Amino acid sequence: MKKIISTIIILSFYSFLFSQNTSFTKASFPEKGKELKAALKNIKKGSKAFDKEADYRNAAFYFLKANEFNPNNAELNYKIFLCYNHLRKKEEGFTYLDKAFNLDSNLNADITFYRGTMHHYYCNFDTAIYYYTIASTMREQAVKHIKECNTGKQLLENEVRCFIDNVGENINSKADDYHPIITADGKTMYFTSRREGKGIKLAYDGRYYENIYVSTKNENNQWTKATLVSELNASEEHSAVQGLSNDGQKIIIYRGDNNGDLFESEKRKGKFSKPKSIKEVNKNGYHETSASYSFDNKTLYFCSDRKNADDKHDIYKITKNMKDKWENIEILSNIINTNEDERTIFAHPDGKTIYFSSNGHDGMGGYDIYSSTFENGNWTKPVNLGYPINTPGDDGHFVITADGKYGYYSSDKAGGYGGSDIYMITFLGPEKLFVYNTEDNLLANTGKSFLHTKSIKSIELEPPKLTLLKGKVIDEDTKEPLFSNIELYDLNTDELLATFESDEETGRFLLSLPSGKNYSVNVKAEGYLFLSQNFNLPDSASYQEIEQTIELKKLVVGKEIVLNNIFFEFNKATLLKESKIELDNVYKLLTDNPNIYVEISGHTDNVGSANYNKKLSQERANSVVNYLIEKGITKDRLTAVGYGFDKPIAPNTTEEGRQKNRRTEFKIVKL
Amino acid sequence: MKKYFLLTIISFLLFSFTYGQKKEKIIVIKSTEHQAERLYNDAVKSYESKQYAEAIDFLNQSLKINDSLATSYHLLSIIQQEMGNKQAAIQTLQTYSKATHHKDTAAYMIAQVFYGDNNLDSASSYLNYCISKNPSYFNALYLLGNINFEQEKYNDAISNYTKVINISTTSADAYNDRASAKRMLEKYDEAIEDYNMAITLKKNVLFYNNRGSAKMKLEKYDEAIEDYTTAILLDSNCYQAINNRGVAKIEKKDYKGAIEDFNLCVKRKKDYYAAINNRGIAYYKNKRYKEAIEDFNFILSVNPSEASAYLHRGNTKEMLRDNEGACSDWKKAAELGIEEAKGYVKKQCEKQ
């Protein structure tokens, strides 16, 4: 501490030697009466904008003009700092604070505290603690900041291994750019910007209204020039992106209506629909902001100040009922929510992890980002994501790709294009192994030395456990993209977990399947045979991405599909309960299309005799037909055939091939 | 005759205390009333002027006159060892063993030759024989302790050192060595107690260094640094303590201090690879990646099969965003047997 104090004294002494506080008086500028008058006029205009209108942008504009004439006035420099502080352009402001302090360190009671904030911001924690300790004003905040500085010191010592890169000028501007939101595959980013643009007006705070922009990754994996998502923006109010479904088909935005509400919009033919207020979420007179869909779109996490007001938000969740309507708002437990402000929430596609920002947990200053996992019915204690992801500035709006390798967030930290910028984090994982060499002469008289190695290993963090299923749905014959419904079932519980839609224009879809369930994915489009797939993902199934082109077959005679989710007991024709969803799909297809006549065929691999397999496959086909008859389909519409191993669709030389050959098929024989 | 035997035994005892030193201390017999002794003394002079053949001749003459003169057998065996004929040396001592009633001493001397020849099993056998004849034979117990230590039979070593300490409660070396055996058994607190005792008895650079290393194991890095610093103050050339302190500073995240220590260490002992390796790690930790690479490159230029240097260089290249280079180094480290490197290759170098 002594060292810090003496350094500060020396620096202050030098500053004093090289500059002096110069007042805006004739005595200081005897030869420049005209210019002095103009400067004083600018100060007056600036003061009016600052004090009466809270228009800090304009105030800064006038103050800066006056500062051009006389840059050595402590008070004016301090006021410029305050303007930038209000405009959340801390770094620009600190230049003026530093100047003001060097010109007159006793300018006012607050300057010592702000001096602390400057050093805090630049991670000079010991110096910051010194100023916070001696600051005579804002004591409560100073005490909180001292705690943050101590946390900051610890976090700095245990830096997270990652690369942080500004995503570049195709996305960031000199204005504030923030709240990046990505699709689960990390290929599309929506974000909010307060940049200048055609038709974009200035808001009350002197900055341009918030608007939503989008950028996609090109074939070189580079972000393309961001474009305005015009259909989501409004000319004279804020439109800020808050949440996005994993497939990018649904978006939640924030608008200033009713003190700040959330709106939802869905993509149709490449464009988002007109945003609609989420009435179940928005509460009159309160501020709702930031939202994130769960992996199945059935839960929506959001932030609201309805409990505390006073701009202190908490995180809530709301779930969809059987009728696909939002209901049952719940506040997350006080493990997550503090008495301070929790805002910006992101639910990871793994279905159990959330990331949020807060200034109430044990952070290093401003808002820090934390993660928590839902385990055994409770949220785990939030974990600070650490430095350099978190800094003493405001860090928030964090999203992470489904594979957990990359994250995006916005920060107003030092550097960048101006204001808040969007950054990409490349996580490098735990520290790699290092082997130190030490040597001791352990025995007193032998003269022999003993070499030792010490290996420093880190604990490997588990990567997210989920399967990202993505691709597109097309017509089998024309290869044209198809709009389809995609149903996601849990085969063990028969529960419909979620429904999705493929993009109307491109046919593309994206599903996140957290490990630990036996899934049936059913793709349905009007006038087409459905297609079902089975993904049995045990708890231990690690992250994988599956890209598929799903070709749907038109409802015409001769078309056949494999019923992938029909299961029998081993070597028997008894249907397993996991087959129910698939059988009901077939039943629905037959009831929706009463003119269809079908053949249900059983097929086996070539293990065992031909007679045995023919008999088994016939009995299995009969089982399916009997189920459908019991449900009410007339006998004459159904034919059961057992082909044994006569019609393989894959070589019987491998287990994988044999598995494919053991199947049940559905074929249209008459329409 | 009685006086003659007494003299011999004293001579052996004097000699025995010096067993651990590289160059054997040769005793000159002050009493020269017997011809055999005079011939022995002549042999010593010849030995010291490296006239081995002449020395052997004097010794043979001495033994012809008195075939139980222990010092002559001893010197003869030393000369034979120095001439590279350890087998002859052992035969000489075995002859002595037959000739003397002091079977324990003879066995001890043979054990020493075997120990010098790194034949630890034979040395142990003779020492056990010696101790069976004389359970309080201090040097035999001590040497057996050291052999057990070197054979990683740390519990046996502790038992030997304890017996030594019971014979001589002020043997600082024995406390140090017992502490080291306990350290190897990961009984760090007990080891530190023994090191404390050794230091109380004798302020020795090794003891401080060793206690520092035991404290490192307990992650008491500040205390370890204190001990290493005392060791360095006692002997500014103790490069091991300087290197060890550097590692302790890395643990304390004082990377600049660590680098300073490793630099000093390399100044004290040029091309000390342990310190260069550690300095590379400290540079890495201090984000001075290019300097880290230089250190690992140097190690590899001297030893292209140094697996850990490939591993470390790969780790450093990763931070320089040289993925190709990192993968190439990790692959090499994996080939050379570092398991973790295989994991890095699988995770970061193979296309998913």
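Predicted model: local features only at pLDDT ≥ 70, side-chain atom pairs only at ≥ 80, totals over all residues.
**Figure 1. Chain B as a whole is built from helices, with 20 of them and 0 strands.** The C-alpha trace of chain B spans about 85 × 40 × 35 Å along its principal axes. Its radius of gyration is 26 Å, whereas a compact globule of 352 residues would have one near 20 Å. Of these 352 residues, 48% count as buried. Among the contacts in chain B with a separation of 6 or more, 39% are between residues 24 or more positions apart.

**Figure 2. Domain 1 and domain 2 of chain B meet in a contact to which domain 1 gives 14 residues and domain 2 gives 11 residues.** In the domain assignment of chain B, domain 1 covers residues 1–134 and domain 2 covers residues 135–202. Which elements give two or more residues to the domain 1 side of this contact? They are helix H6 (103–116) and helix H7 (120–133) of chain B. H7(B) supplies the largest share of that side, with 6 residues. By residue type, the domain 1 side divides into 10 nonpolar, 3 polar and 1 charged.

**Figure 3. The largest nonpolar core of the model has 109 residues.** The residues with the most contacts inside this core are B:Ala43, B:Leu93, B:Ile110, B:Ala111 and B:Leu127. H6(B) gives the most to the core, namely 9 residues. Both domain 1 (1–134) and domain 2 (135–202) of chain B take part, each with at least three residues. Leaving out residues up to four places away in sequence, B:Ala111 touches B:Ala123, B:Tyr126, B:Leu127, B:Cys130 and B:Leu143. Another core, of 54 residues, lies apart from the one shown, and its members include A:Tyr213, A:Val241, A:Cys303 and A:Val399.

**Figure 4. Chain A and chain B touch through 18 residues of chain A and 27 residues of chain B.** On the chain A side, strand S23 (residues 434–440) contributes the largest share, 7 residues. The residues of the chain A side divide into 8 nonpolar, 6 polar and 4 charged.

**Figure 5. Chain A is divided into four stretches: domain 1 (2–157), domain 2 (162–427), domain 3 (465–551) and domain 4 (555–671).**

**Figure 6. Helix H6 (residues 111–121) of chain A is mostly covered, with 10 of its 11 residues buried.** The buried residues of H6(A) are A:Ile111, A:Thr112, A:Tyr114, A:Arg115, A:Gly116, A:Thr117, A:Met118, A:His119, A:His120 and A:Tyr121. What covers these residues? The cover includes helix H4 (74–86), helix H5 (90–103), helix H7 (125–134) and helix H8 (139–157) of chain A. Just after H6(A), A:Cys123 has a positive phi of about 65 degrees.

**Figure 7. Strand S25 (residues 466–475) of chain A pairs with strand S28 (residues 508–514) and with strand S31 (residues 544–552) of chain A.** S25(A) and S28(A) run antiparallel and are joined by 7 bridges. In this pair, A:Leu469 stands opposite A:Leu511. S25(A) and S31(A) pair in the parallel sense, over 9 bridges. Here A:Lys470 stands opposite A:Glu547. Why is S25(A) described as largely enclosed by the rest of the structure? The reason is that 7 of the 10 residues of S25(A) are buried.

**Figure 8. A:Met322 is found in the loop between strand S13 (314–320) and strand S14 (326–331) of chain A.** Is A:Met322 buried or exposed? A:Met322 counts as exposed because it has 7 C-beta neighbours inside 10 Å, and the cut-off for exposed is 12 or fewer. A:Leu433 is 111 residues from A:Met322 along the chain, and the C-alpha atoms of these two residues are separated by 51 Å.

Conventions:
Residues numbered from 1 in each chain as written. Chains lettered and ligands numbered in written order. Domains from an automatic or database assignment. Contact = placed C-beta atoms within 7 Å. Helix = DSSP H or I, 4+ residues; strand = E, 2+ residues; numbered from the N terminus. Nonpolar A, V, L, I, M, F, W, Y, C, P; charged D, E, K, R; others polar. Rg over C-alpha atoms; globule rule 2.2 N^0.38 Å. Buried ≥ 20, exposed ≤ 12 C-beta atoms within 10 Å, placed from the backbone. Pairing = 2+ DSSP bridges. Core = buried A, V, L, I, M, F, W, Y, C linked by C-beta atoms within 7 Å.
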